[in-house]
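Visitor: Could you show me the model, please? I would like to talk through its charged side chains.

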Amino acid sequence: MRKIILSILLGLFLCLLPGCSIQPLQVVLVKGKSLEGRAGIRLIDPNNGPYSIKVTRDDNGSRHYKFRIDADIKQENRWRIKYHWLYYPLTHIAVVEGQVGSGRKYPVMLDSGGALPVILVHDIHVLENKLAIYPFQTNKGHRGSWGLCHLPKLHIGEMTLVNWPCMYREKHAELQVFGLPIAHDEMIIVGLPVLRRFKYIVFDNTRKEVEFSAKEVFEPDKPELWGQYPFSIEVDSDNNAFLFVKIPIAGEEMELQLDTGSGGGLLIREELWDKIGEKIHSPKLKDGTSFSFCGRLSCKKGAIKKIQVGHRIVKNAIIEVFPSDCPLFGKRDQELLGMQCFRDTVMVLDFERNLMWVKNNATD
């Protein structure tokens, strides 16, 4: 139990204060030992399943990996599972509990902002579950720190992801006290390319539950009580997927990237803040930093007492404002919409109709 609690606390550090370096307690990214050749870790044969793997080189000699595996979702009926008992109350991100095969259980993040067409694990997941691996190589032919691994089954309640493409990294985060590790991150990340295989997913933040349906379409009770916002999913040349929803913010129609793996509210650029900041009674934003896949970024942040998001009024929404050239927004220059804006309502991703449904509270 002590190990589980410490691992969860580390997960909360990663969600709330990732990259922090406050002595004597700190979170650090640790490179594990090479998985290749470790006891009990088999190598995947690219010519003899479960993956079909093809390696090509471009004109510059860079390696490119193409792989295929027969993935499936096993689910009889739509069903619900509770959010992880500790992650949601403190972070608002969509985390549930999953089980690898018949073995260990881990927190699983349902991350619509996760673009990669794979489930993401790290070296300790591989070691604890003896997953077979296929290490990627660098352009110079040396073994890299990434690779494919075979995850036969990931159970999430009554649903099972079978033979889903899975990638590992030979690094993991550790919680350390005076440089001594006391816990490691256990999060498995399931991104948008997996989530979109369902007909719909309900994020019921009032009951703190998630509902999955692989076969039945979403039929709302009392449709007049729901706001509907169209979304599109764009897939790039590497099969990375991005979900963009059109929704009014403070009366301005916007297209934002929806990120259920973010416990924040709005992450926007300065130009957009200049446009909507005049329409709301906003506090003076303070200088701060925010951590993302790009690393630690400078921003201005604050809590907005009231702001219109769609047809609802969201109270005490956290907003982070970044410079125009911030790498966070990528090629699309798209601002982000996080789960804090839906913390007291029900939000549905309807992949059959490409709609986001948001239940309007009776007082809205």
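Visitor: Glad to see it! Is Arg-80 buried, exposed or partly exposed?

Guide: This is a predicted model, where local features need pLDDT of at least 70, side-chain atom pairs count only at pLDDT 80 or more, and totals for chains, interfaces and linings use all residues. Residues are numbered from 1 along each chain as its sequence is written, and side-chain values use heavy atoms, with hydrogens and water left out. Buried means under 20% relative accessible area, exposed over 50%, and partly exposed in between (1.4 Å probe, protein chains only). With a relative accessible area of 32%, Arg-80 is partly exposed.

Visitor: Which residue meets Arg-80 in a salt bridge at 2.9 Å, N to O?

Guide: A salt bridge is a side-chain nitrogen of Lys or Arg within 4 Å of a carboxyl oxygen of Asp or Glu. At 2.9 Å, the partner of Arg-80 is Glu-209. Arg-80 lies in strand S5 (residues 79-82) and Glu-209 in strand S18 (residues 209-213), so the pair ties together parts 129 residues apart in sequence; strands are DSSP runs (E, at least two residues), numbered from the N terminus.

Visitor: Which residues are linked with Arg-80 in a network of salt bridges?

Guide: The network includes Arg-80 and Glu-209. Linked with Arg-80 are Lys-82, Asp-204, Glu-209 and Glu-211.

Visitor: What is the relative accessible area of Asp-350?

Guide: Asp-350 forms a salt bridge with Arg-353 (2.6 Å, N to O). Arg-353 is partly exposed at 35%, whereas Asp-350 is buried, with a relative accessible area of 0%.

Definitions and conventions:
Helix = DSSP H or I, 4+ residues; strand = E, 2+ residues; numbered from the N terminus.
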